[in-house]
Amino acid sequence: MGSLLDPIYRAVESGDPESVASLLRPDVFMFTPEAGGVLLSRDAVVSSLSDQLRRVRALPGGLRLEAEQMASGSDETGR
C-alpha cells in the first residue's frame with residue numbers, strides 16, 4: 001500500500017520540478033536542513049528542489065527516495 005507522498009517522491013525522482021509543483025498546494029511549507037529554515041510556498045519549494053536536482057544530476061547514479069516511516073496530517077494535531 002502506497003502513501004500519500006508516493007506520487008511526490010516519484011515526481012522528485014523523475015527530476016521534473018513542474019510535476020512536483022502540480023502535486024503541491026500553493027500554501028505548502030517544507031522544513032530545510034538549516035536551523036530555522038522553512039520554505040513557505042509552492043514556488044519556494046520548487047525553486048529549492050530545482051537547485052538540488054541540478055546538483056544531483058551532476059553526480060553519477062540516480063536518485064531514489066525511500067522512507068521507513070512517514071507522518072502527515074491535515075490539521076494541527078497531525079491527524
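Colour the model by pLDDT, the predictor's confidence in each residue, from 0 to 100. The protein averages a pLDDT of 80, and 77% of the residues score at least 70. This is a predicted model, in which local features need pLDDT of at least 70 and side-chain atom pairs count only at pLDDT 80 or more, while totals for chains, interfaces and linings use all residues. Residues are numbered from 1 along each chain as its sequence is written, and side-chain values use heavy atoms, with hydrogens and water left out.

Switch to a cartoon. Helices (H or I, at least four residues) and strands (E, at least two) are DSSP runs, numbered from the N terminus. Among the elements of the protein, the mean pLDDT is lowest in α1 (86) and highest in α2 (92).

Next, select I8, A11, V12, V20, A21, L24, V28, L39, V45, V46, L49 and L53: these 12 residues make up the largest nonpolar core. Such a core is a set of buried Ala, Val, Leu, Ile, Met, Phe, Trp, Tyr and Cys residues joined through side-chain atoms within 4.5 Å. Buried means under 20% relative accessible area, exposed over 50%, and partly exposed in between (1.4 Å probe, protein chains only). At least two residues of this core come from each of α1 (6-14), α2 (17-23) and α3 (42-57). The most, four residues, come from α3.

Centre on V20. Not counting residues up to four places away in sequence, V20 touches A11, V12 and L49; contact means heavy atoms within 4.5 Å.

The expected span of a helix is 1.5 Å times one less than its number of residues. For the 16 residues of α3 that gives 22 Å, and the end C-alpha atoms are 22 Å apart, which agrees. Show the buried residues of α3, which are V45, V46, S48, L49, S50 and L53. They pack against α1, α2, β1 (30-31) and β2 (38-39).

Stay in α3 and pick S48. S48 counts as buried because its relative accessible area is 18%. Its side chain is joined to that of Q52 by a polar contact of 2.9 Å. A polar contact is a pair of N or O atoms within 3.5 Å; within protein, one must be able to donate a hydrogen and the other to accept it, and residues adjacent in sequence count only if both atoms are side-chain atoms.

Last, select F29 and F31. The structure holds one aromatic pair. F29 and F31 form this pair, edge-to-face, at 5.6 Å centre to centre with 80° between the planes. Rings of Phe, Tyr and Trp (its six-membered ring) pair if their centres lie within 6.5 Å; planes under 30 degrees apart count as stacked, over 60 as edge-to-face and the rest as tilted. F29 is exposed at 52% relative accessible area, and F31 is exposed at 63%.
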